[in-house]
Amino acid sequence: MALPLPESWHRYLGDEVDAPYMQALKAFLRHEKDQRKVIYPASEHWFRAFELTPLESVKVVILGQDPYHGPGQAHGLCFSVRPQVAIPPSLVNIYKELKSDDVDFEPVNHGFLESWARQGVLLLNSVLTVERGQAASHRGQGWERFTDRAIEVINEHCSHVVFLLWGSYAQKKAAFVDRTKHLVLHAPHPSPLAAHRGFFGCHHFSQTNAFLTQKGEAPIDWRLPARDQLPDA
């Protein structure tokens with residue numbers, strides 16, 4: 001399992017690939033492929049979040065759980081799907097909150113979030129692979145330990161990062177983040193089952209930009225390009 005990581009990430013995570021837990025994860029994934037199981041996303045996108053958002057560029061962290069498990073959806077960024085794929089319900093609700101927040105956002109007809117990642121929004125799932133049609137099928141195989149380490153690296157080596165923790169899973173995973181260095185914002189998950197319990201109206205996006213501006217950082221442009229402007233639309 002190659003780690004196509006930018007140097008800044010490789011400096012801290014490169015040795016993880018040789019750790020026993022990652023060797024076990026590699027063996028698990030190899031076995032699944034030998035059984036002709038389809039794994040999402042494609043292997044070249046397993047570390048896409050790290051490729052698009054080098055460590056020195058991280059301004060915001062949004063944590064998800066597992067990749068989408070439907071055909072053509074997952075491409076390595078949490079909550080994001082390929083341009084031609086229907087927008088998932090949680091992302092529809094994220095767009096609704098963005099529209100109501102004070103960040104000049106207009107909903108688009110796609111769910112491709114790479115422009116956020118390129119600005120420093122690390123869209124990180126806790127687990128980086130999944131079997132087709134089998135939600136949570138790769139949990140407990142080692143990915144969680146790897147992504148825990150990534151969050152530890154951000155906590156230790158970055159300053160003034162905003163952590164947007166939506167739902168109890170994300171909140172527990174990043175519970176150790178140093179709030180004297182970083183801004184940690186909690187809200188219910190944006191899924192249709194939970195969004196009405198406080199995700200709507202949380203104003204996390206405007207709070208993020210206010211904090212970044214206060215710290216002398218450029219705010220995030222949450223607006224998304226039209227689908228016909230996307231590279232692989």
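Start by selecting helix H2 (residues 20–34) and helix H6 (residues 143–157), which pack at an angle of about 135° with their axes 9 Å apart. That angle makes H2 oblique to H6. Keep in mind as you turn the view that this is a predicted model.

Now show the side chains where the two helices touch. On the H2 side, pick Tyr21, Met22, Leu25 and Leu29. Across from them, H6 brings Trp143, Arg145 and Phe146 to the contact. What classes of residue make up this contact of H2 with H6? There are 6 nonpolar residues, no polar ones and 1 charged.

Stay on H6 and zoom in on Trp143 and Phe146. Both sit in this helix, 3 residues apart, about one turn of the helix. The count of aromatic pairs in the model comes to 14. Trp143 and Phe146 form an aromatic pair with 6.3 Å from centre to centre and 75° between the planes. The pair is edge-to-face because planes over 60 degrees apart count that way.

Next, hop over to the backbone. Select Tyr40 and Pro41, and look at the peptide bond that joins them: the bond is cis, with omega near -10°. To get your bearings, Pro41 is in the loop between strand E1 (39–40) and helix H3 (48–52).

One more backbone stop: Asp104. You'll find Asp104 in the loop between H4 and helix H5 (114–118). Its phi is near 60°, a positive value in a residue other than glycine.

Finish at the largest pocket, with a volume of about 480 Å³. Which residues lie nearest its centre? Select Gln65, Asp66, Pro67, Tyr68 and Asn125, and you have them. In total, 31 residues line the largest pocket.

Colour the lining by class and you'll get 18 nonpolar, 11 polar and 2 charged residues. Then highlight helix H4 (89–100) and strand E3 (121–125), each of which supplies at least two residues of that lining. Which of the elements gives the most to the lining? The answer is E3, with 3 residues.

- H2 and H6 together, for the packing at about 135°.
- Trp143 with Phe146, for the edge-to-face pair.
- Tyr40 to Pro41, for the cis peptide bond.
- Gln65, Asp66, Pro67, Tyr68 and Asn125, for the centre of the largest pocket.

Methods
Residues are numbered from 1 along each chain as its sequence is written. This is a predicted model: local features need pLDDT of at least 70, side-chain atom pairs count only at pLDDT 80 or more; totals for chains, interfaces and linings use all residues. Side-chain values use heavy atoms; hydrogens and water are left out. On a 1 Å grid over the protein atoms alone, a cavity is a set of points where a 1.4 Å probe fits but cannot get out, and a pocket is an open set with protein on both sides within 12 Å along at least five of seven lines; lining residues have an atom within 4 Å of a point. Grid points are joined across faces, edges and corners, and a volume is the space filled by probe spheres set on the points. Helices (H or I, at least four residues) and strands (E, at least two) are DSSP runs, numbered from the N terminus. Ala, Val, Leu, Ile, Met, Phe, Trp, Tyr, Cys and Pro count as nonpolar, Asp, Glu, Lys and Arg as charged, and the others, Gly among them, as polar. Axes are lines fitted to C-alpha atoms, for helices over the stretch in contact, and angles run from 0 to 180 degrees between N-to-C directions. Angles under 35 degrees count as roughly parallel, over 145 as roughly antiparallel, 65 to 115 as roughly perpendicular and the rest as oblique. Contact means heavy atoms within 4.5 Å. Rings of Phe, Tyr and Trp (its six-membered ring) pair if their centres lie within 6.5 Å; planes under 30 degrees apart count as stacked, over 60 as edge-to-face and the rest as tilted.
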